Amino acid sequence: MAKLHIRKNDTVIVLAGEDKGKTGKVLKVLVEKQRALVEGLNMVSKSTKPSAKNPQGGIVKQEAPIHISNLSLIDPKSGKATRVSFKKDGKNVIRVAKKSGEEIK
């Protein structure tokens, strides 16, 4: 299993596809499929049956997963897309933005 450069709660920018250039917060990372759910991006319409949660049923808009390769982390310093490097600090592994050298929390 590959180590991914994106984690939950990261702010990312979309590099390709319909939502190119838009930014959002990562809600969930699907490691096995190498995809991520980003808040408010890649919205799809899904038909739902009436249920206790949604008694009316009908069409619901929800986020669909985006492939990790189409996402890039946003540099905390400049606010632009950046690549990520991993540095070891004793036992801990720290993610560092390539553009500014700033640590990504």
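The protein has zero helices and eleven strands, where helices (H or I, at least four residues) and strands (E, at least two) are DSSP runs numbered from the N terminus. Its pattern along the sequence is β-β-β-β-β-β-β-β-β-β-β. This is a predicted model, in which local features need pLDDT of at least 70, side-chain atom pairs count only at pLDDT 80 or more, and totals for chains, interfaces and linings use all residues. Residues are numbered from 1 along each chain as its sequence is written, and side-chain values use heavy atoms, with hydrogens and water left out.

**Overall dimensions and surface**

- The C-alpha trace spans about 55 × 30 × 20 Å along its principal axes.
- The accessible surface comes to about 7,400 Å², and carbon and sulfur atoms account for 50% of this surface (Shrake-Rupley method with a 1.4 Å probe; for residues, only the protein chains shown count as cover).
- Of the 105 residues, 29% count as buried; buried means under 20% relative accessible area, exposed over 50%, and partly exposed in between (1.4 Å probe, protein chains only).
- Of the contacts (heavy atoms within 4.5 Å) between residues at least 6 apart in sequence, 40% join residues at least 24 apart.

**Nonpolar core**

- The largest nonpolar core holds 15 residues, and Ile-6, Val-12, Val-38, Ile-66, Leu-71 and Leu-73 have the most contacts inside it.
- At least two residues of this core come from each of strand E1 (11-14), strand E3 (35-38) and strand E7 (71-74).
- Such a core is a set of buried Ala, Val, Leu, Ile, Met, Phe, Trp, Tyr and Cys residues joined through side-chain atoms within 4.5 Å.
- Beyond its neighbours within four places in sequence, Val-12 is in contact with residues including Ile-6, Val-26, Val-38, Leu-71 and Leu-73.
- The contacts of Val-12 also include Lys-22, Thr-23 and Gly-24.

**Sheet E9-E10-E11**

- Three strands make up an open antiparallel sheet in the order E9-E10-E11; two strands pair if DSSP finds at least two bridges between them.
- Strand E9 (84-89) and strand E11 (103-104) are at the edges with a single partner strand each, so one side of each has no neighbour in the sheet.
- E9 and E10 run antiparallel and are joined by six bridges, with Lys-87 opposite Ile-94 in E10.
- The hairpin of E9 and E10 has two residues between the strands, and Gly-90 in the turn has a positive phi of about 70°.
- Strand E10 (residues 92-97) pairs with E11 over two bridges, also in the antiparallel sense.
- In this pairing Arg-95 is opposite Ile-104 in E11, and Val-96 is opposite Glu-103 in E11.
- The hairpin of E10 and E11 has five residues between the strands, and Gly-101 takes a positive phi near 80° there.

**Surroundings of His-67**

- His-67 lies in strand E6 (residues 66-67) and is partly exposed, with a relative accessible area of 26%.
- Not counting residues up to four places away in sequence, His-67 touches Lys-33, Gln-34 and Arg-35.
- The side chains of His-67 and Ser-69 are joined by a polar contact of 2.9 Å, meaning a pair of N or O atoms within 3.5 Å; within protein, one must be able to donate a hydrogen and the other to accept it, and residues adjacent in sequence count only if both atoms are side-chain atoms.
- Ala-16 and His-67 are 51 residues apart in sequence, and their C-alpha atoms are 9.8 Å apart.
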